[in-house]
Amino acid sequence: MQTHIERPEAKFFHYVLPAMASQLLTGFFIIVDGFYIGQSIGDVGLASINLLWPVASLITAIGLGVGTGGSVVMANALGAHDGARALRVRGTTLICLALASAVLTLGLSFGYPYALRALGASGELWQPSVDYLRLVCLFCTAQVFNSGLNPLLRGAGKNVAAMLVMVEGLLLNLFLDWLLIMHFPIGMAATLIAQAASALTALCCMACGKKLPLRPAQLSFDTAAVKKLLKVGLSPFGLSMSLNFLIMLNNWQSIRYGGAIA
């Protein structure tokens with residue numbers, strides 16, 4: 001009896017291409033926001049968002065680190081044909097994302113004046129920066145889960161679903177940027193609303209999937225899994241944050257020498 005064996009390169013591209021597309025789509029969020037904000041709010045709006053970009057990136061990096069760590073540990077369990085452990089790991093990862101969201105929301109809500117001063121916000125940039133950071137605090141949970149759930153989908157083998165969630169977020173962000181930035185005074189919330197919608201869609205994909213459907217009973221806190229996922233997630237977190245240090249250094253130098261924040 002001849003057994004069909006799938007070619008390794010086919011399997012490779014099945015996982016790699018959607019992941020590459022997801023990362024590419026992430027970059028388009030920045031381009032779309034920059035275009036509409038520059039057209040509507042002008043240089044002050046662009047400078048304020050660029051000044052606070054390290055804060056938004058920190059939130060995203062934490063969600064990505066936790067989600068990627070949980071995805072790898074979950075995939076290892078699935079590779080060992082231990083579905084029960086995979087479900088426990090995913091439930092633990094979701095709890096970790098929720099805890100990270102709570103800590104970040106509280107920390108930024110009470111500490112945002114210190115964060116703004118540390119990042120160099122002053123003068124005409126102060127109030128727009130305050131307004132934007134308050135929105136970031138309000139949608140902090142959406143940002144953490146949006147960046148953390150996508151790796152979990154890929155870890156469960158739902159690569160195409162993960163890519164489609166990113167496409168949905170990008171298209172919704174494009175529409176909301178046009179609607180809110182050009183016609184209403186709450187334009188800077190467009191990306192955050194799109195991220196919240198993407199996170200909700202990702203949760204629905206997990207709950208409605210035939211393979212490893214998400215159920216409330218699966219939410220548990222496995223200390224051993226937490227240690228492993230944090231260890232694995234440290235690398236993507238650091239990689240995601242590395243660019244922020246360059247942005248902050250550039251901003252500090254611009255402010256120090258009286259230049260514009262680019």
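Is Cys205 buried, exposed or partly exposed? Cys205 is partly exposed, with a relative accessible area of 24%; buried means under 20%, exposed over 50% and partly exposed in between, for a 1.4 Å probe and protein chains only.

The model is predicted, so local features need pLDDT of at least 70 and side-chain atom pairs pLDDT 80 or more, while totals for chains, interfaces and linings use all residues. Residues are numbered from 1 along each chain as its sequence is written, and side-chain values use heavy atoms, leaving out hydrogens and water.

**Cysteines**

A disulfide is a pair of cysteine sulfur atoms within 2.5 Å, and by this rule the count is zero. Cys140 is in no disulfide.

**Helices α3 and α4**

Helices are DSSP runs of H or I with at least four residues, numbered from the N terminus. The axes of α3 (residues 83–119) and α4 (residues 126–138) come within 10 Å and cross at roughly 160°. α3 is therefore roughly antiparallel to α4, a term for angles over 145 degrees. The crossing of α3 past α4 is right-handed, meaning that the near helix is turned clockwise from the far one by less than a right angle.

Contact means heavy atoms within 4.5 Å. On α3 the contact residues are Thr105, Leu108, Ser109, Tyr112, Pro113, Leu116 and Arg117; α4 contributes Trp126, Ser129, Val130, Leu133, Arg134 and Cys137. By class, this contact has eight nonpolar, three polar and two charged residues.

Technical notes:
Axes fitted to C-alpha atoms, helices over the stretch in contact; angles between N-to-C directions. Helix = DSSP H or I, 4+ residues; strand = E, 2+ residues; numbered from the N terminus. Parallel < 35°, antiparallel > 145°, perpendicular 65-115°, else oblique. Nonpolar A, V, L, I, M, F, W, Y, C, P; charged D, E, K, R; others polar.
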